[in-house]
Amino acid sequence: MLLGIKSINKFNQISFPLLTPFAFISLGLASLFEMLDHTTTDWMYIDHSSIYNWLFYSFLSIGLSFFTISVAKTKSIITTNILLIISAFFSYWFLGKSTTLLIEVLITILLISQWWRRFKDWVFFIYPIMGVILTTFFGILLSSSGEQIWHLFIGPSGTISVLAFYAVLERSRKKEIISLNKF
């Protein structure tokens, strides 16, 4: 959530800079709700549905979609992301967690395509590597083995991926400032 506060009025080089603080704050809230869910299971991973787990997925959808919308150039990308947020919000309870995960995948694909199109920054690859591949890998290991040690790696992987968003925005901002000072 600190990155959300730090990003207020900072990243004016993107289409909708007002959304970046809300994106970071949403991801922080998602993390908070995930931790609250773990307190109900004594910090042991249990594949279950709960209000906190639903809030985790809901705020994750909001945060990632806000990042996508913040750099979007077309109304269709914006509309699609809004529909995906709504779908993720309701699918958890009515269609199950696996449907919500599929929606998260769609949100992530849009996010990666839009951010790569906008920034073309190699640092951005930290997000899909840490936030998608490694967290999924550790989650699969945790679910299949039941060994709680894998749970310890999921949070840091997700945190590093969020820091990648901030780094890409900051690098883009600095490039923009440098290019403006040349003229």
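Me: OK, so helices (H or I, at least four residues) and strands (E, at least two) are DSSP runs, numbered from the N terminus. How many residues does helix 6 have, and how far does it reach?

Reply: Helix 6 covers residues 126-145, which is 20 residues, and it reaches 26 Å from its first C-alpha to its last. That is close to the 28 Å expected at 1.5 Å a residue. The expected span is 1.5 Å times one less than the number of residues in the helix.

Me: Before I go on, what kind of model is this?

Reply: It's a predicted model, where local features need pLDDT of at least 70 and side-chain atom pairs count only at pLDDT 80 or more, while totals for chains, interfaces and linings use all residues. Residues are numbered from 1 along each chain as its sequence is written, and side-chain values use heavy atoms, with hydrogens and water left out.

Me: What happens just after helix 6?

Reply: Gly146 takes a positive phi there, about 75 degrees.

Me: Which residues other than glycine have a positive phi?

Reply: Asn9 is one of them, with phi near 55 degrees, and Lys120 is another, at about 45 degrees. Asn9 lies in the loop between helix 1 and helix 2, and Lys120 is in the loop between helix 5 and helix 6.

Me: Are those two buried or exposed?

Reply: Asn9 counts as exposed because its relative accessible area is 67%. Lys120 is exposed too, at 54% relative accessibility.

Me: Switching topic: what's the volume of the largest pocket?

Reply: About 1,600 Å³. On a 1 Å grid over the protein atoms alone, a pocket is an open set of points with protein on both sides within 12 Å along at least five of seven lines, and lining residues have an atom within 4 Å of a point. Grid points are joined across faces, edges and corners, and the volume is the space filled by probe spheres set on the points.

Me: How many residues line that pocket, and which lie nearest its centre?

Reply: The lining has 48 residues, and Glu34, Phe56, Leu60, Thr135 and Ile154 lie nearest the centre. The elements giving two or more residues to that lining are helix 2 (19-39), helix 3, helix 5, helix 6 and helix 7.

Me: Which helix gives the largest share?

Reply: Helix 7, with 11 residues.

Me: How does the lining divide by residue type?

Reply: Into 27 nonpolar, 16 polar and five charged. Ala, Val, Leu, Ile, Met, Phe, Trp, Tyr, Cys and Pro count as nonpolar, Asp, Glu, Lys and Arg as charged, and the others, Gly among them, as polar.

Me: Back to helix 3. How many of its residues are buried?

Reply: Helix 3 is mostly covered, with 16 of its 21 residues buried. Helix 3 reaches 31 Å from its first C-alpha to its last, close to the 30 Å expected.

Me: What about Ser50: where is it, and what does it touch?

Reply: Ser50 is in the loop between helix 2 and helix 3. Leaving out residues up to four places away in sequence, Ser50 touches Asp37, Tyr92 and Trp93. Ser50 is buried because its relative accessibility is 13%.

Me: And Phe11, buried or exposed?

Reply: Buried, because its relative accessibility is 0%. Phe11 sits in the loop between helix 1 (2-6) and helix 2. Beyond its neighbours within four places in sequence, Phe11 is in contact with Pro17, Thr20, Tyr166, Leu169, Glu170 and Arg173.

Me: Last one: what is Leu3 in contact with?

Reply: Phe24, Val162, Leu163 and Tyr166, leaving aside neighbours within four places in sequence. Leu3 is in helix 1 and is buried, with a relative accessible area of 16%.

Note on methods. On a 1 Å grid over the protein atoms alone, a cavity is a set of points where a 1.4 Å probe fits but cannot get out, and a pocket is an open set with protein on both sides within 12 Å along at least five of seven lines; lining residues have an atom within 4 Å of a point. Buried means under 20% relative accessible area, exposed over 50%, partly exposed in between (1.4 Å probe, protein chains only). Contact means heavy atoms within 4.5 Å.
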